[in-house]
Amino acid sequence: MSTTKKIAGAALAAALGVTTLSACGGGDAQDKTGASDAPKSKTVTLVSHDSFNVTDTVLKEFEQQSGYTVKVLKSGDAGAALNQEILTKGSPRGDVFFGVDNTLLSRALDNGIFTPYEAKGLGEVKPEYVLDKEHRVTPIDSGDICVNYDKAYFAEKKLAPPQTLDDLIKPEYKNLLVTENAATSSPGLGFLLASVGKYGDEGWKDYWSKLKANGVEVVDGWEQAYNERFSGSAGGKKAKGDRPLVVSYASSPPVEVLYGEPQPAEAPTGVSTGTCFRQIEFAGLLKGAKNEEGGKALVDFLVSKKFQEDMPLQMFVNPVTKDAVLPELFTKHGVVVEKPENVAPETIAKNREQWVKAWTSLVVK
């Protein structure tokens, strides 16, 4: 599962579900005039992981302007959704796929599930996010997986919170960190990749050996780590979590403010900006799409300023376009990660399985 619901703390079912978001009522058989010679379908289908979300009014504006009705087919987490599209290659379940990220990108491209399309507005996308020069996929959002810290704990202990990966293996932070299993969790995998990016293929295992010796705790997923074990979150406080460091997202502090009861003036959690791995999510026109023109229009919409500015408070991710303005909640309570760790998608595709297997043997078993 990707960023939104994990950050907000809601567990979404992985079972297949279809949500129709329509501004035009029906729209499958007739156009607005009711003409009998209208196209058979004015529906465009977006296949996505469970965390896709958009404000109703923003979507309705696109539907009214384009004449298309958008159907969203949610298919579990990003990996499960991608697997379904690979299995149905050439006869896709929809027209556009959203949610493949840079940890899975090479797998999607190698399986040839997308038709190249250069989106209108692609020129506004920051160049560092354009990882596929053939434009089989279009960058839509980014988010940083980072260690979060409980401000109150570190203030009480008069201890500076860790800021880098190197800090986490220091004795003063022993038994403070909880992370997710890299084999079962997207942020867990991202944190593993941060260590690969920082220390290389030769050094990351030694780093994790030291992290294990320093008392890192591993749990299955984000929900358990953040809302049960982490002492700084609202959920963790209720669950009496005792770990003041957790692997989460750079956007988690604004979420703590947004959903705080009462809403705090300052985020109770902070971000260790030297521990981050950047996720980039993409959308692509599916090969064999029944409504290719509608799919192109939908991809254009996803990189439009209207959608890009709506996205942060709907999915708690960052826009990728140069002209998008972040909401005040992000600018006031969020952080800017200047130098996240990155690993090339093709390197991840080549090594992911063996990295996770080695990590499991080293850290979990």
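Author: The place of S231 is in the loop between α7 (222-229) and α8 (234-238); helices (H or I, at least four residues) and strands (E, at least two) are DSSP runs, numbered from the N terminus. The model is predicted, so local features need pLDDT of at least 70 and side-chain atom pairs count only at pLDDT 80 or more, while totals for chains, interfaces and linings use all residues. Residues are numbered from 1 along each chain as its sequence is written, and side-chain values use heavy atoms, with hydrogens and water left out.

S231 counts as buried because its relative accessibility is 13%; buried means under 20% relative accessible area, exposed over 50%, and partly exposed in between (1.4 Å probe, protein chains only). Leaving aside neighbours within four places in sequence, S231 is in contact with D150, K237, G241, D242, R243 and P244, where contact means heavy atoms within 4.5 Å. D150 stands 81 residues from S231 along the chain, yet the C-alpha atoms of the two are separated by 6.4 Å. In the protein chain as a whole, 76% of the contacts between residues at least 6 apart in sequence join residues at least 24 apart. Buried residues make up 53% of the 365 residues.

Other loops contain backbone features to note. Most residues other than glycine have a negative phi, and most peptide bonds are trans. K240, in the loop between α8 and β9 (245-249), is not a glycine but has a positive phi of about 60 degrees. With 73% relative accessibility, K240 counts as exposed. F316 is likewise a residue other than glycine with a positive phi, near 55 degrees, and it is found in the loop between α11 (305-315) and β11 (318-319). F316 counts as buried, at 3% relative accessibility. The peptide bond from E261 to P262 is cis, with omega near -5 degrees; P262 lies in the loop between α9 (252-258) and β10.

β10 (269-286) also receives buried residues of a helix: those of α3 pack against β10, β2 (43-48), β4 (96-101) and α4 (105-110). In α3 (residues 78-87), the buried residues are A78, A81, L82, E85 and I86. They cover an arc of only 140 degrees around the axis, which puts them on the same side of α3; the arc is that of the directions from the helix axis to the C-beta atoms.
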